[in-house]
Amino acid sequence: MTLLLPLASSDAVAHSSNHAQLLAAALIGIATIIVLIVWRKTHPFLALTLGSAVLALVAGIPLTDAFTSFTNGLGSTIGSVGTLIALGAIIGRLLIDSGGADQIVDTVLAHTTERRLPWAMALIAFVVGIPLFFEVGIVLLIPVVMIVARRAHQPLIRLGVPALAGLSALHGLVPPHPGPLIAIDALGADLGVTLGLGLLVAIPTVVVAGPVAARYMARWVPIEAPEPLGASDDEHEGPRPSFGAALSVVVLPVVLMLLRTVVETSVGEDSSSPVAHVALFLGQPIVALLLTVLVSMVVFGSNLGLSRTEVSSRVGASLGPIAGILLIVGAGGGFKQTLVDSGIATIIATWIQQAAVPALIAGWLVAVAVRLATGSATVATITAAGIMAPLASQMPTTEAALLVLAIGAGSVFLSHVNDAGFWLVKEYFGMTVGQTFRTWSLMETVLSVTAMVVICLIALVLGVL
């Protein structure tokens, strides 16, 4: 497929036209971010900001305009992606504080035989992980995994790896998680199509990297579950929402966004049907998540006897912890825009096209490289999406969505010692560094490769690879 690569936006700042200089700017800018994060232990927000400045200056952008693209990209990213992340955080906090997450976990486990516990843990993580950030999901579910493993006398890894696989797959592949949202925004992909394909890719990926892989990993690392590191004697007090109510809230935004995609595909946006217009409106990401927040405040708040003040307090408490995430995401949008406006992304995309490397594989490889270097799935997604943006601008809707997923799959490849998640899992599971490599790191690699294989198969079936 031949693609016409656009130049940087018409309001882009002046920059050098020397390809070698621009390539050097990209390499030095990315290297700056890597050095600051890995060796100087600089916060990713500052690392991305400084890396953008270095990139701009080396690319020949005047000093006075060094942050023009960065601030434009930061503002547009926070305005779109940031709002969705904030709404998702509110839903997740209300789900946890109300006992809704506990209700889903307890109900699934109560109807599961001991033999199928690994599959149940994967299912729980998959469902509960939809509105939760990865770190929150770990803190919420790993104590449950340990308790279940101790009661069932099962190896910790046999139950823990499926739960981690479910959380990680959602984190890398399915909006409204930050990584997929960043890539969707940068590549101009359709959120509904990406969501549908992301779920389609995530299911077989979780099966392979979770329950199937866990059977072998449990033999290599046959450890028993320790006392849960995050265990608490303070159980949720008061009434809980029912299983059906809690599950309905979790899947509500997914259903609304997928419904919009179905309507767009079947009748188009110009349909005169009032029902179609309603579906298109409710399926807009911000509307779907905002509506879910309002439903959550009722189901997880007033219906359980909470006052308006208590519900408002929980909503407010959900926003503080995501401030750092929003800043990183915003800075990532600024870095991406600097890559695009400097002309670097167009040059690299042209080389990829001339080298006849399929865009999906190229996006995955770029994300893998940055992930290995920085340990950050978010930075890997931001960088890869920025580089691949010119290629995506003329892609069909389905191919752009698959490119988002390919980048997401690459962003979770081989978590190791420079990734905070590596140490989080190590400490929670009470493993050595070697054991963590043979379980968590291997699981992430299997997950990334399996997801990419499924993405390529879908692309072949749809004729876009």
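The largest nonpolar core holds 160 residues, and L109, I157, M388, L402 and F429 touch the most other members. Such a core is a set of buried Ala, Val, Leu, Ile, Met, Phe, Trp, Tyr and Cys residues joined through side-chain atoms within 4.5 Å. Helix α9 (residues 191-220) supplies the largest share of this core, 13 residues. Helices here are DSSP runs (H or I, at least four residues), numbered from the N terminus.

This is a predicted model: local features need pLDDT of at least 70, side-chain atom pairs count only at pLDDT 80 or more, and totals for chains, interfaces and linings use all residues. Residues are numbered from 1 along each chain as its sequence is written, and side-chain values use heavy atoms, with hydrogens and water left out.

**Surface patch**

W119, V212, Y216, W220 and L442 make a nonpolar surface patch of about 490 Å². Patch residues have over 30% relative accessible area and no salt bridge, and nonpolar side chains (Val, Leu, Ile, Met, Phe, Trp, Tyr) are joined within 5 Å. A salt bridge is a side-chain nitrogen of Lys or Arg within 4 Å of a carboxyl oxygen of Asp or Glu. Areas come from the Shrake-Rupley method with a 1.4 Å probe. Helix α9 gives the most to the patch, with three residues. L442 sits in helix α20 (residues 433-462).

**Aromatic pairs**

The whole structure has three aromatic pairs. Rings of Phe, Tyr and Trp (its six-membered ring) pair if their centres lie within 6.5 Å; planes under 30 degrees apart count as stacked, over 60 as edge-to-face and the rest as tilted. F67 and F70 form an edge-to-face pair, 5.9 Å centre to centre with 80° between the planes. W364 and F413 have ring centres 5.9 Å apart and planes at 90°, so this pair is edge-to-face. It links distant parts of the chain: W364 lies in helix α16 (residues 359-374), F413 in the loop between α18 and α19, 49 residues apart.

**Burial of single residues**

Buried means under 20% relative accessible area, exposed over 50%, and partly exposed in between (1.4 Å probe, protein chains only).

| Residue | Relative accessible area | Class |
|---|---|---|
| L442 | 31% | partly exposed |
| F67 | 39% | partly exposed |
| F70 | 5% | buried |
| W364 | 14% | buried |
| F413 | 15% | buried |
| S411 | 2% | buried |

S411 is in the loop between α18 (397-410) and α19 (420-429). Not counting residues up to four places away in sequence, S411 touches A367, R371, A377, A380 and T381. Contact means heavy atoms within 4.5 Å.

Terms used: Helix = DSSP H or I, 4+ residues; strand = E, 2+ residues; numbered from the N terminus. Patch = residues over 30% accessible without salt bridge, like charges linked within 9 Å, V, L, I, M, F, W, Y side chains within 5 Å.
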